[in-house]
Amino acid sequence: MITTEQREKLRGWFAGRLPDDLFEELVEVTPDREEITVIGRIPEPRLAEGASDAEREAAVRARIQEFRERTRDARIEVAREAEHLFRRKVSWGVVCGAERALFTHVAAPVMTRLRQPERQVLDTLIAGGVARSRSDALAWCVRLVQRHTDDWLTELRESLEHVQRVRAQGPDGEEVVDSSTGDGEDG
């Protein structure tokens with residue numbers, strides 16, 4: 001579990017390290033145990049008044065592709081530093097107008113044991129064309145739960161942060177170390 005303070009330090013590091021002209025705004029820095037996703041806002045393309053939706057969509061996609069290619073070297077340099085410092089892969093994405101695009105991201109395997117009723121749910125999603133595989137179906141289920149329980153998950157994360165703070169105040173607080181939440185300052 002990554003604490004709010006660790007999340008803020010991470011965001012601060014990226015805000016200070018990214019070249020000033022890379023993004024209009026640093027939208028979000030989202031860490032987990034395997035990956036840090038950095039998303040910034042880029043300028044929308046200027047179009048003639050009354051441009052069609054198709055023209056606007058094509059222009060935004062082209063702008064995103066142009067940004068991705070033009071900034072590749074700068075992003076790789078920052079990612080290498082961050083990966084060494086924080087011991088996590090760095091993934092990139094942008095927001096351009098209403099469009100959000102991820103360039104690269106980690107697809108971490110998750111080991112789980114499902115009983116037949118749970119496997120049948122996944123197989124039904126495959127048969128219905130919602131997913132291509134059980135892995136895709138499970139990812140679809142996670143996204144569905146995330147969308148419908150965002151407030152609950154936020155409250156749970158805040159509660160876990162509180163538990164970590166209380167543990168740290170105890171007599172053995174300095175001995176309790178979770179290597180998955182390190183902020184990278186020591187190496």
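## Salt bridges

A salt bridge is counted where a side-chain nitrogen of Lys or Arg lies within 4 Å of a carboxyl oxygen of Asp or Glu, and by this rule the count comes to 10. This is a predicted model, in which local features need pLDDT of at least 70 and side-chain atom pairs count only at pLDDT 80 or more, while totals for chains, interfaces and linings use all residues. Residues are numbered from 1 along each chain as its sequence is written, and side-chain values use heavy atoms, with hydrogens and water left out.

One of the salt bridges joins Arg61 to Glu57, with the closest N and O atoms 3.1 Å apart; both residues belong to helix 2 (residues 53–70) and sit four residues apart, about one turn of the helix. Helices (H or I, at least four residues) and strands (E, at least two) are DSSP runs numbered from the N terminus. Asp123 and Arg134 also form a salt bridge, at 2.8 Å from N to O, and because Asp123 lies in helix 4 and Arg134 in helix 5, the pair ties together parts that are 11 residues apart in sequence.

Glu35 lies in strand 2 (residues 35–41). Its side chain is buried yet has no salt bridge, the nearest side chain of opposite charge being that of Arg88, 9.6 Å away; here buried means under 20% relative accessible area, exposed over 50%, and partly exposed in between (1.4 Å probe, protein chains only), while Lys and Arg count as positive and Asp and Glu as negative, with His and the chain ends not counted.

## The largest pocket

Glu35 is also, with Asp32, Val142, Gln146 and Arg157, among the residues nearest the centre of the largest pocket, which is lined by 41 residues. Helix 5 gives the most to this lining, with nine residues. A pocket is defined on a 1 Å grid over the protein atoms alone, as an open set of points where a 1.4 Å probe fits, with protein on both sides within 12 Å along at least five of seven lines, and lining residues have an atom within 4 Å of a point.

## Two exposed loop residues

Arg87, found in the loop between helix 3 (72–86) and strand 3 (89–96), has a positive phi of about 55 degrees although it is not a glycine, and Arg87 is exposed, with a relative accessible area of 60%. Asp21 lies in the loop between helix 1 and strand 1 and, at 68% relative accessibility, counts as exposed.
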